[in-house]
Amino acid sequence: MKVAIIGSGYVGLVAAACFAELGNDVICVDNDAAKLAALQAGCTPIHEQYLPELLARHRGTRLAFSASVTDAVRASAVVFIAVGTPPAESGEADLSYVEAVAHDIAQGLNGYKVIIEKSTVPVYTCEWIRRVITMNTPQAFDVVSNPEFLREGTAVRDFFYPDRIVVGADSPRAAEVLRRLYAPLTSGAYYQAAMVARPEGARVPPPLVVTDSNSAELIKHASNAFLAMKISFINAVANLCDAVGADVQQVREGIGLDLRIGRSFFNPGLGYGGSCFPKDLLAFRAVARESGYDFGLLTEVIKINQEQRRLFIKKIRSALWTLRGKRLGVLGLAFKGGTDDIRESPAMEIVKALVGESCDVCVYDPAATANARACLGDSVRYANTPYEAATGAHALLILTDWDEFSGLDFAQLAAVMKHRLIIDGRNLYDPSTVAASGFMYYSIGRPVAQPEPRLSTVPAARPSTPQGAEHTAQARPEEVSAPQG
Ligand code: UDX
């Protein structure tokens, strides 16, 4: 099938590469000349596993890049809208880019096509797209909602192994076109020789859910809102655990073993970030309000999430007493492990706050440093390894859940740090393991772990030793246990 994709961002570019992999002829359109030139030159502008291989495999054969929406529409049977829907001041989704593309699509229609909204949009957007195109062309067409459920860092894998494919079509003809487009996945044919390995527990083949466009748009917003709610719920429970001295990891285990609740996507931390959850919840709440329903639950989800950053800074303060002038090593700047994206990153918000408290911050991230440097400039120092970031530090902060940070060499850290203090915003470690390595360890929703107390006086009865060989094993000042975090 001939496929046009308007927008070559995190959603559009991944969809273009994956639809080409499924055997379609794809034209990916963008109005950013520099980005188009980079794509045509073989660059991969986003950090996604498998994407470079897919682009290299199909660029110039099944996959072309263009600046012209009209040309791409004319050459295609289906046209995906995958442009940004950033939040407006009010929190509503700014759909001006979607509307502009709808106008351009109308100019290019030269026969029946199916226009497919892939961007995450509020309910009724299909209706608006339909109106804009109807007013600008006599041609026959259908508009369909086909929301994506791609996570950054695993977007290609999520495309080929979705939990479900959702199609919101208001005409049987359009629904049939989408069934044909996704047939390689829903028939299982793709998996006979899949380039992307099947993730454990993947549902193969994925079910195709066909509904109306309003319901499909709501499925997307409601899915993200529920996932964000799960995160805010476990973070709220973690905060309660901190208050009562319980262990949130054990509480999470006990809750999650209930098959109706489950343990996935239920990890406490610094709160959700990224380009989706924060904006989608604001947009979902706004469209609910416009539709006459006050979705107050979302207000609490958002509030708990924002509070999580403040509480972590409070935890840092309780570990260090004063912040001014303190040297802090920071591991992680991306909003989550596996991506270079720092949009709405809790780590970035915390780093900025610590810089504002006149801390001397040295940061390290495996992929997001370049993006972070554009934002932080020379307000922080940049390291090339976690140990470099920890050198001379009064404390080491773990702010992003990169796999690399789950296997740190504590002996090497102890050798370079000024104080043996780790403050983990992602609960990457077992507290007793860290304490056994000689570190004081603060984390989320768990009691502070500290090394075995050092002898503060020489034991009363000791075997005779050469005179003067005895000494008082004073606990080093920095190891005096701080108040509970
Ligand atoms: C999300 C949705 O998962 C995806 O379906 C949708 O299409 C786009 O938005 P994404 O934002 O890329 O994907 O990342 P995700 O892995 O969902 O994580 C979102 C945020 O939640 C990150 O900041 C992550 O650190 C945080 N998170 C995730 C938690 O704090 N705890 C968890 O258990 C899981």
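Colleague: Across the interface of domain 1 and domain 2, how many residue pairs does the rule find in polar contact?

Modeller: This is a predicted model, and side-chain atom pairs count only at pLDDT 80 or more. The automatic or database assignment divides the protein chain into domain 1 (2-211) and domain 2 (212-460 + 476-485). Between these parts, with both residues at pLDDT 80 or more, the number of residue pairs in polar contact is 13.

Colleague: Which element gives the largest share of the side of domain 1 that touches domain 2?

Modeller: Helix 6 (125-134) and strand 7 (165-169) each supply at least two residues of that side of domain 1. The largest share amounts to four residues, and the element it comes from is strand 7.

Colleague: How many salt bridges are counted between domain 1 and domain 2?

Modeller: The cut-off for a salt bridge is a side-chain nitrogen of Lys or Arg within 4 Å of a carboxyl oxygen of Asp or Glu. The side chains of Glu 148 and Lys 220 meet in a salt bridge, with 3.8 Å from N to O. For the pair of domains, the count of salt bridges is two.

Colleague: What area is buried between domain 1 and domain 2?

Modeller: The centres of the two domains, taken over C-alpha atoms, are separated by 34 Å, and the contact takes 31 residues from domain 1 and 29 residues from domain 2. In domain 1, the residues that lose the most area to domain 2 are His 47, Val 123 and Glu 152, together 26% of what that side buries. Carbon and sulfur atoms give 57% of the buried area, and that area is about 2400 Å².

Colleague: How many residues make up the largest nonpolar core?

Modeller: Ile 316, Val 351, Leu 354, Leu 399, Leu 413, Ile 422 and Ile 423 touch the most other members of this core. Not counting residues up to four places away in sequence, Ile 423 has among its contacts Phe 312, Ile 316, Leu 397 and Tyr 442. Apart from this core lies another, of 48 residues, among them Leu 39, Val 78, Leu 150 and Phe 159. For the largest nonpolar core, the number of residues is 63.

Colleague: Is Gly 337 buried or exposed?

Modeller: Gly 337 lies in the loop between strand 9 (327-331) and helix 14 (346-356). The residues it touches, not counting those up to four places away in sequence, are Thr 400, Asp 401 and Trp 402, and its C-alpha atom is separated by 9.7 Å from that of Leu 399, 62 residues apart along the chain. Because its relative accessibility is 17%, Gly 337 counts as buried.

Methods
Residues are numbered from 1 along each chain as its sequence is written. This is a predicted model: local features need pLDDT of at least 70, side-chain atom pairs count only at pLDDT 80 or more; totals for chains, interfaces and linings use all residues. Side-chain values use heavy atoms; hydrogens and water are left out. A nonpolar core is a set of buried Ala, Val, Leu, Ile, Met, Phe, Trp, Tyr and Cys residues joined through side-chain atoms within 4.5 Å. Buried means under 20% relative accessible area, exposed over 50%, partly exposed in between (1.4 Å probe, protein chains only). Contact means heavy atoms within 4.5 Å. Buried area is the accessible area (1.4 Å probe) that two parts lose on being put together, summed over both. A polar contact is a pair of N or O atoms within 3.5 Å; within protein, one must be able to donate a hydrogen and the other to accept it, and residues adjacent in sequence count only if both atoms are side-chain atoms.
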